[in-house]
Amino acid sequence: MDVLVDEVVVKRCLNGDTAAFTEIIQKYQKQIFSLCYRLTNNTEDAQDLAQESFLKIYQVLDKYDQEKPFFPWMYKVATNVCYTALRKRHEQDIPLEKVIEFAPTIPTADSQPEEYAETREVGRIVQKAIAELPENYRLPIILRYLEDFTYQQIAEIMDLPVSTIETRLFRGKSMLQKKLSLLLERGAKYEMPGN
């Protein structure tokens with residue numbers, strides 16, 4: 001389905017064709033699950049939040065502005081569902097480092113043991129660094145570098161000007177690089193013999 005097909009399917013949904021929403025779910029379930037997983041770092045939570053996201057999208061579909069692309073609007077709704085859930089968990093004292101997995105790849109069972117361990121360790125280090133970023137920098141970093149969204153798409157999802165997104169990405173990357181340098185430096189000190 002392309003953008004024009006999205007618009008047709010959304011119109012069908014708004015006209016009472018509930019089966020048309022299944023097409024939206026089938027088309028976007030992987031992307032929404034991926035977003036939820038990256039924000040929760042937990043498969044079960046991600047599945048629950050993905051379902052909750054689609055339910056919310058269906059409930060507020062009548063608020064969608066059909067003059068704008070559907071995908072960024074849908075992604076924004078899902079993002080809001082996730083952040084609402086994460087805030088509730090944060091209030092229940094869930095450790096912040098469990099909030100986000102920020103790894104270049106998610107290791108699979110087919111990975112070599114060394115590759116798997118290295119990928120998990122890099123993921124853990126980066127996860128810790130990204131989890132320490134303020135929320136307004138965290139989401140743009142995820143959307144740009146993990147989900148490969150354009151600046152314009154991120155601006156639409158976050159309902160902010162592109163210039164603000166550019167600034168947040170620049171500052172977020174700078175903060176992330178500093179945090180990663182410190183974490184890697186600390187890790188190297190702990191691994192050195194004689195310390």
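## Helices α2 and α3

Helix α2 passes α3 in a right-handed crossing, where a crossing is called right-handed if the near helix is turned clockwise from the far one by less than a right angle, and left-handed if it is turned anticlockwise. Helices here are DSSP runs of H or I with at least four residues, strands are runs of E with at least two, and both are numbered from the N terminus. The model is a predicted one, in which local features need pLDDT of at least 70 and side-chain atom pairs count only at pLDDT 80 or more, whereas totals for chains, interfaces and linings use all residues. Residues are numbered from 1 along each chain as its sequence is written, and side-chain values use heavy atoms, with hydrogens and water left out.

The axes of α2 (residues 18–40) and α3 (residues 43–59) come within 8 Å and cross at roughly 140 degrees, the axes being lines fitted to C-alpha atoms, for helices over the stretch in contact, and the angles running from 0 to 180 degrees between N-to-C directions. That makes α2 oblique to α3, since angles under 35 degrees count as roughly parallel, over 145 as roughly antiparallel, 65 to 115 as roughly perpendicular and the rest as oblique. On the α2 side, the residues in contact (heavy atoms within 4.5 Å) include Phe21, Ile24, Ile25, Ile32 and Phe33, while on the α3 side they include Leu49, Ala50, Ser53, Phe54 and Ile57. By class, the residues of this contact divide into 14 nonpolar, six polar and one charged; Ala, Val, Leu, Ile, Met, Phe, Trp, Tyr, Cys and Pro count as nonpolar, Asp, Glu, Lys and Arg as charged, and the others, Gly among them, as polar.

## Overall architecture

The protein chain has eight helices and zero strands, and its elements run α-α-α-α-α-α-α-α from the N terminus on. Of its 195 residues, 39% are buried, where buried means under 20% relative accessible area, exposed means over 50%, and partly exposed lies in between, with a 1.4 Å probe and protein chains only. Among contacts between residues at least 6 apart in sequence, 63% join residues at least 24 apart.

Ile32, already named in the contact of α2 with α3, touches Ala50, Ser53, Phe54, Met74, Tyr75 and Ala78 when residues up to four places away in sequence are not counted.

## Helices α6 and α7

Helices α6 and α7 pack at an angle of about 135 degrees, with their axes 10 Å apart. That makes α6 oblique to α7, and the crossing of these two helices is right-handed. Asn136, Leu139, Pro140, Leu143 and Arg144 in α6 meet Tyr151, Ile154, Ile157 and Met158 in α7, a contact that has seven nonpolar, one polar and one charged residues.

In the loop between α7 and α8 lies Asp159, which has a positive phi of about 60 degrees although it is not a glycine. This aspartate, Asp159, is exposed, with a relative accessible area of 57%.

## Individual residues and their spatial partners

Val9 is placed in helix α1 and counts as buried at 2% relative accessibility; the C-alpha atoms of Val9 and Phe21, twelve residues apart along the chain, are separated by 7.3 Å. Glu52 is found in helix α3 and is partly exposed, with a relative accessible area of 44%. The C-alpha atoms of Glu52 and Val81, 29 residues apart along the chain, are separated by 7.3 Å.

Lys128 has its place in helix α5 and counts as partly exposed at 29% relative accessibility. Lys128 and Leu180 are 52 residues apart in sequence and 8.7 Å apart in space, C-alpha to C-alpha.
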